[in-house]
Amino acid sequence: FIEESINEADNAYGRWFIVIVSFTFICGSFGTFVVSERQSKAKHIQTVAGVKPASYWLSTWLWDVANYQFPLWITVILMFAFNVGTFTTTDRGILGGVLSLLVLFGPSAASYSYCVSFMFTSPSICNLFIIISSFIIGFGGSFAVFILRMLGNDPSDPNQKLVDAANITEWVLRFIPAFCLSKGLFNVLYIDAFRWMEGEYITVW
């Protein structure tokens, strides 16, 4: 049963990769607008006109979160339309976990992009940096943590130092939304492999 589940996860790997790549572009788009307004002095004009900083950032954040709903729910609809059972099954709370990850990614990615945007004066460079860094950290970080934990939990040669390294890496990278989304979906893909490593029944939660 576990082998069949892992084979099914391998087949869904390409879909996981596409979701990660496409959502990093969404993450990059959040920072572009903020840098563009700062560069064109539009933000400064609004401040002079009496717009409070809290109102500016809150309205920008709400607008980005509202716009995020379109790609979010289109992605969910496509998952059901193309019967991506690995992400849409209700077994072990998978559907609820996947929806929670996707829904919360938008607000967190917008907040993260705003913080990163202060490092840049060019909208295009900011966009490129967020996209590339989010992809590398999300994709590479998920694999690094998985491999470290798998090697550390090897029954024939357990190594607690590798498990500790995986835990530290995981906690540090959790500040980056792309990593949280990538690792969460990766864990859904290979939930049976994690069950084998943990030696007990687990859910996505």
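Trainee: Why is Ser 182 called buried?

Mentor: Ser 182 has a relative accessible area of 0%. Buried means under 20%, so Ser 182 counts as buried. Keep in mind that this is a predicted model.

Trainee: Thanks! Where in the protein is Ser 182 placed?

Mentor: Ser 182 is part of helix H8, which covers residues 177-189.

Trainee: Which residues does Ser 182 touch, leaving out those up to four places away in sequence?

Mentor: Ser 182 touches Trp 16, Ile 20, Gly 138, Phe 139 and Ser 142.

Trainee: What makes the pair of Ser 182 and Gly 138 a polar contact?

Mentor: A polar atom of the Ser 182 side chain lies 2.7 Å from the backbone oxygen of Gly 138. The cut-off for such a pair is within 3.5 Å, so the 2.7 Å pair meets that distance.

Trainee: Let's step back to the whole protein. How many helices and strands are there?

Mentor: The protein has nine helices and zero strands. Read from the N terminus on, the elements run α-α-α-α-α-α-α-α-α. Of the 205 residues, 41% are buried.

Trainee: How many of the contacts join residues at least 24 apart in sequence?

Mentor: Among contacts between residues at least 6 apart, 75% join residues at least 24 apart.

Trainee: What can you tell me about the largest nonpolar core?

Mentor: The largest nonpolar core has 41 residues, and those with the most contacts inside it are Phe 23, Tyr 68, Phe 87, Val 98, Leu 102 and Leu 185. At least two residues of this core come from each of H1 (2-39), H3 (53-81), H5 (94-117), H6 (123-152), H7 (160-173) and H8. H1 gives the most, with 10 residues.

Trainee: Why would nonpolar side chains be found together?

Mentor: In soluble globular proteins, nonpolar side chains tend to be buried together.

Trainee: What does Leu 185 touch, not counting residues up to four places away in sequence?

Mentor: Leu 185 touches Trp 16, Val 19, Ile 20, Phe 87, Val 98 and Leu 101.

Trainee: What about open spaces? Which element gives the most to the lining of the largest pocket?

Mentor: That is H8, with six residues. The largest pocket holds about 550 Å³ of space. Its lining has 20 residues, and the closest to its centre are Arg 174, Lys 183, Gly 184, Asn 187 and Val 204. H5, H8 and helix H9 (191-198) each supply at least two lining residues.

Trainee: What makes a cavity something other than a pocket?

Mentor: In a cavity, a 1.4 Å probe fits but cannot get out, while a pocket is open. The largest cavity here has a volume of about 30 Å³. Val 76, Met 79, Phe 80, Phe 87, Thr 88, Leu 95, Val 98 and Leu 99 line this cavity. Two or more of the lining residues come from each of H3, helix H4 (85-88) and H5.

Key: Residues numbered from 1 in each chain as written. Predicted model: local features only at pLDDT ≥ 70, side-chain atom pairs only at ≥ 80, totals over all residues. Heavy atoms only, no water. Helix = DSSP H or I, 4+ residues; strand = E, 2+ residues; numbered from the N terminus. Buried < 20%, exposed > 50% of the residue type's maximum accessible area, 1.4 Å probe, protein only. Contact = heavy atoms within 4.5 Å. Polar contact = N/O pair within 3.5 Å; in protein donor to acceptor, adjacent residues only side chain to side chain. Core = buried A, V, L, I, M, F, W, Y, C linked by side-chain atoms within 4.5 Å. 1 Å grid on protein atoms, 1.4 Å probe; cavity = no way out; pocket = protein on both sides within 12 Å on 5 of 7 lines; lining within 4 Å. Points joined across faces, edges and corners; volume = space filled by probe spheres on them.
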